Amino acid sequence: MQTKAKILVLIPCYNEEANIVKTVERLRELCPGVDYLVINDCSTDRSAALLKENGYNYLDLPVNLGIGGGIQCGYVYAASNGYDVTVQMDGDGQHDPAYLMQIVEPVLKDELDMCIGSRFIRHEGFQTSFMRRVGIRFLSAMIFLLCGQRVLDVTSGFRATGRAMTEYFSKHYAADYPEPEAILAASLAGFRVGEAPVVMHERQGGVSSISSFKSAYYMIKVSLSLIIDRLSIKKTHHRS
Amino acid sequence: MSVKFQAFMILGALVLLIIIFVLLKHGKMTVKYSLLWMCLSLVLLVFAIFPYVVYVLRDLMGVEMPVNLVFMLMFCFVLLVLLSLSIAISQLAEKSKRLTQANAILEKRVRELEKVLQKTKEEGNSPRG
């Protein structure tokens, strides 16, 4: 579908010197009509230099904010520059720009406010480790219990948001591990959340932001945040 | 409460008050954050000067030793101060996050403006025709 809608792809980048150039080049090759914005979260490797050398479109955060604050910065930028759809895509090569339109389309057609690229609908491509899948199942069940929203791939960072959703995220976005919390917050605020099947790859290089060492902390922190969010955000009907 | 202990308490409360005032005077602490500390030192001072207050409170709360009541109240106060600090830190973190984001977006705009400026300059300098 060729559209004239303004689409912005946010690519968070923290120490991704091994992948970032490949990711951006592939995106530009496959989706030429789409704007992109790399958000360099104070990388300590050569990421910033690479972005500059290649003349990419990027934001350079002066201090490290973590994935939540960094992505939110992208949402602030998208909201103030009037983008119709804002897509979040990891900079490590896990997310394939070939599936970009799959998740953008439901938002463009105004069927959803946030569309999440899910690898668990068709079970194709990289399915991550068994323990992670257990964790994702658990969080998915928890989100379903807390707000009645069925999302399978709750930790997927490949997601498209419409104007109103982008505006909302530019004001409220979780700090540490924001993906599951964003789903709950969006759903409680009355936005329509859904999934579209995509194929993901194993990360091409570098290290994931969630190491196995941190995963216990991750689960506890996210579970607690979800419960607190449920208690603090009043259910509203954003769109009736 | 022994007279000696009373004297030490008065001294301690006064020193705390003086420290707070000095910090305020030199602008090392804002009035907003000094209020809790000032309350703490004033309450301590009242306890030290009029131990009768402590005895009444002890009877009210059923604590055996009046000194324990003072310790407990002080501990509660310190907890309150710590909580208020956690709140202040969280607010500061949120503010600094917002500033960082605004700064990054501005930096991008400046970078792009500089590029355009450079271009127009070069075009202006190049010989025409």
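Chain B contains four helices and zero strands. The model is predicted. Along the sequence, the pattern of chain B reads α-α-α-α.

**Shape and surface of chain B**

Chain B has a radius of gyration of 28 Å, whereas a compact globule of 129 residues would come near 14 Å. Its C-alpha atoms fill a box of roughly 100 × 30 × 15 Å along the principal axes. Of the 129 residues, 22% count as buried. Chain B exposes about 9,600 Å², and carbon and sulfur atoms supply 73% of that area.

Take the contacts in chain B with a separation of 6 or more. Residues 24 or more positions apart account for 54% of them. As for charge, chain B carries 15 positive and 8 negative side chains. The centres of these two sets lie 4 Å apart.

Q101(B) sits in helix α4 of chain B, which spans residues 66–125. S223(A) sits in helix α8 of chain A, spanning residues 215–232. The table gives their accessibility.

| Residue | Relative accessible area | Class |
|---|---|---|
| Q101(B) | 2% | buried |
| S223(A) | 12% | buried |

Why does S223(A) count as buried? Its relative accessibility is 12%, and the cut-off for buried is under 20%.

What does Q101(B) touch, leaving out residues up to four places away in sequence? Its contacts are L65(A), G69(A), Q72(A), C73(A) and V76(A). Q101(B) itself belongs to helix α4 of chain B, so its relative accessible area of 2% goes with a buried position.

S223(A) has contacts with F138(A), L139(A) and M142(A), again leaving out residues up to four places away in sequence.

**Nonpolar cores**

The largest nonpolar core has 43 residues. Within this core, M114(A), F169(A), I183(A) and L226(A) touch the most other members.

Methods
Residues are numbered from 1 along each chain as its sequence is written. Chains are lettered from A and ligands numbered from 1 in the order in which they are written. This is a predicted model: local features need pLDDT of at least 70, side-chain atom pairs count only at pLDDT 80 or more; totals for chains, interfaces and linings use all residues. Side-chain values use heavy atoms; hydrogens and water are left out. A nonpolar core is a set of buried Ala, Val, Leu, Ile, Met, Phe, Trp, Tyr and Cys residues joined through side-chain atoms within 4.5 Å. Buried means under 20% relative accessible area, exposed over 50%, partly exposed in between (1.4 Å probe, protein chains only). Helices (H or I, at least four residues) and strands (E, at least two) are DSSP runs, numbered from the N terminus. The radius of gyration is taken over C-alpha atoms; the globule rule is 2.2 Å times the number of residues to the power 0.38. Contact means heavy atoms within 4.5 Å. Accessible areas come from the Shrake-Rupley method with a 1.4 Å probe; for residues, only the protein chains shown count as cover. Lys and Arg count as positive and Asp and Glu as negative; His and the chain ends are not counted. The place of a charge is taken as NZ of Lys, CZ of Arg, CG of Asp or CD of Glu.
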